[in-house]
Amino acid sequence: MSRGQRGTAHSAEVSTTGKPERVIRRRPKDRRAQIAATSAAAFGSLGYHGVSMEDIASRLGISSAALYRHYPSKYALFREELLRLGAATVMTVTLPEEAVDWPPEQRLGHVIDAMIADAIANRPTVALTRWERRYLDDTDGETLDEQFRTSIAAVRRLIDDLRPELTSRDSLVRSVTLFSVISSIGDHHAALPVKPLTAVLNSVAWAVVRADLPEPQADPRTPRAVEIPQSFKHELLLKKAVELFHERGYPNVSVEEIATAAELSAASAVYRYYRSKSDLLAAAFRRAADRMAGAIGPATASSSTPAEALSKLIDLYVAGCFAERELTFVYYAEFGHIPAEERTMLRNVQRLVVAEWVKLLVQVRPELSQAQARILVQAAFSLVVDLGRVFGEGDRICPQDRVISLLEVTLFGEPQ
């Protein structure tokens with residue numbers, strides 16, 4: 001019987017005098033935990049700016065005033081969930097006391113299993129720490145960053161123990177990659193039961209640990225910066241808007257600020273080229289989607305095998321992400337802010353792109369099911385963004401050729 005049914009049954013009871021019993025409604029003992037779980041689910045599906053305290057109260061069936069008795073603000077709920085996720089990540093890399101006598105492979109295996117179990121358990125919200133972290137204040141953001149630095153360093157040490165021949169840079173890149181491919185399941189809704197999902201994530205994690213990666217070039221080639229002429233206002237506005245969305249988040253950027261960045265005299269000048277701020281975001285998304293979709297035909301037509309076609313798509317995807325780092329991040333982080341009609345169209349394009357990659361991967365690796373291949377393709381897409389996010393603009397630690405190799409490991413199971 002549900003809580004509401006129990007309340008109805010109780011209110012129907014009568015005393016021995018024939019008068020209805022006075023119903024005493026008590027707050028559930030776990031109300032605070034219920035609020036935290038409900039708000040986390042809301043943030044996970046709609047993002048920080050897509051949720052209000054009124055929305056959370058409505059989901060719980062309580063008043064906003066009742067909600068404020070437990071939490072002073074939406075930010076407090078958001079902060080609690082992100083720092084909970086960060087603390088859980090630290091716990092996954094913390095070995096039990098008896099692990100001191102385990103061999104290196106068992107120690108690392110224990111942590112990988114814990115990381116996977118944690119990501120699956122927190123799948124609805126695990127992506128918040130990647131895409132919504134910038135909405136934390138400085139103090140809380142530093143706390144979350146420290147939690148992840150601690151976790152990455154712990155995994156790095158375990159990789160060093162297992163493969164002492166690796167450089168510290170190698171083990172760092174692999175540690176970040178492990179967190180990326182495992183937590184990537186929070187970026188999509190591809191369905192796979194827990195046991196096979198655990199198996200495919202475990203397989204790709206160990207492939208990353210065991211693979212040999214190319215040595216970084218001593219002097220990696222830096223792409224030439226391309227300045228957009230002031231006369232190309234349409235392109236300049238799009239570029240400046242994406243830079244601001246990447247830096248501060250779409251909700252925190254105004255049309256006036258975009259106009260100033262593009263050296264326009266007033267915000268009204270923006271509307272000569274774009275109907276609204278959301279139109280700018282949609283234009284950026286269409287560009288990213290077209291880049292991915294447009295590569296499929298030429299890659300498959302010019303290839304003699306599925307493996308060759310997929311390798312070409314990997315090269316083109318990584319090159320495009322390196323050329324437009326900010327746009328690639330914004331494409332993941334701000335999807336919920338584009339207009340509904342654009343969102344439907346872009347989702348259809350996304351599905352078609354993923355389906356083509358999955359089809360090629362299954363042809364290369366027939367032992368994979370469509371669902372397993374979809375998990376790996378999504379992990380590969382997320383990995384490029386994460387490596388750029390963690391290592392920034394500097395290409396010395398994880399240059400383009402190494403990112404390509406890591407995507408090949410993620411998809412093929414070993415470098416091609």
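In which helix is Arg286 found? Select Arg286 and you will see that this residue sits in helix H13. Before going further, keep in mind that this is a predicted model, in which local features need pLDDT of at least 70, side-chain atom pairs count only at pLDDT 80 or more, and totals for chains, interfaces and linings use all residues. Residues are numbered from 1 along each chain as its sequence is written, and side-chain values use heavy atoms, with hydrogens and water left out.

**The whole chain**

Zoom out for a moment. The chain has 18 helices and zero strands; helices (H or I, at least four residues) and strands (E, at least two) are DSSP runs, numbered from the N terminus. Of its 416 residues, 49% count as buried, where buried means under 20% relative accessible area, exposed over 50%, and partly exposed in between, with a 1.4 Å probe and protein chains only. Among contacts between residues at least 6 apart in sequence, 71% join residues at least 24 apart; contact means heavy atoms within 4.5 Å.

Return to Arg286, which is partly exposed because its relative accessible area is 28%. Show its surroundings: leaving out residues up to four places away in sequence, Arg286 touches Asp279, Glu342, Met345 and Leu346. Its C-alpha atom is 9.4 Å from that of Tyr331, 45 residues apart along the chain.

Now select helix H13 (residues 277–301) together with helix H15 (residues 325–333): they pack at an angle of about 105 degrees, with their axes 10 Å apart. Axes are lines fitted to C-alpha atoms, for helices over the stretch in contact, and angles run from 0 to 180 degrees between N-to-C directions. H13 and H15 are therefore roughly perpendicular to each other (under 35 degrees counts as roughly parallel, over 145 as roughly antiparallel, 65 to 115 as roughly perpendicular and the rest as oblique). Residues making this contact include Leu281, Phe285 and Arg291 of H13 and Leu327 and Tyr331 of H15.

**Stop two: helices H14 and H16**

Next, pick H14 (residues 306–323) and H16 (residues 340–364), which pack at about 135 degrees with axes 8 Å apart. These two are therefore oblique to each other. Among the residues in contact are Pro306, Leu313 and Tyr317 of H14, and Trp357, Leu361 and Gln363 of H16. By class, the contact of H14 with H16 has eleven nonpolar residues, one polar and no charged (Ala, Val, Leu, Ile, Met, Phe, Trp, Tyr, Cys and Pro count as nonpolar, Asp, Glu, Lys and Arg as charged, and the others, Gly among them, as polar).

**Stop three: the largest nonpolar core**

Which residues of the largest nonpolar core touch the most other members? Select Tyr317, Trp357, Phe381, Leu407 and Leu411, out of 113 residues in that core. Helix H17 (residues 370–391) gives the most to this core, with 13 residues. A nonpolar core is a set of buried Ala, Val, Leu, Ile, Met, Phe, Trp, Tyr and Cys residues joined through side-chain atoms within 4.5 Å. Center on Leu407 and look for its partners, which include Ile314, Tyr317 and Ala380. Another core, of 24 residues, lies apart from the largest one, with Ala36, Phe43, Tyr75 and Leu77 among its members.

**Last stop: Ala371**

Finish in helix H17 with Ala371, which counts as buried because its relative accessibility is 18%. Neighbours within four places in sequence aside, Ala371 is in contact with Ala191 and Leu192.
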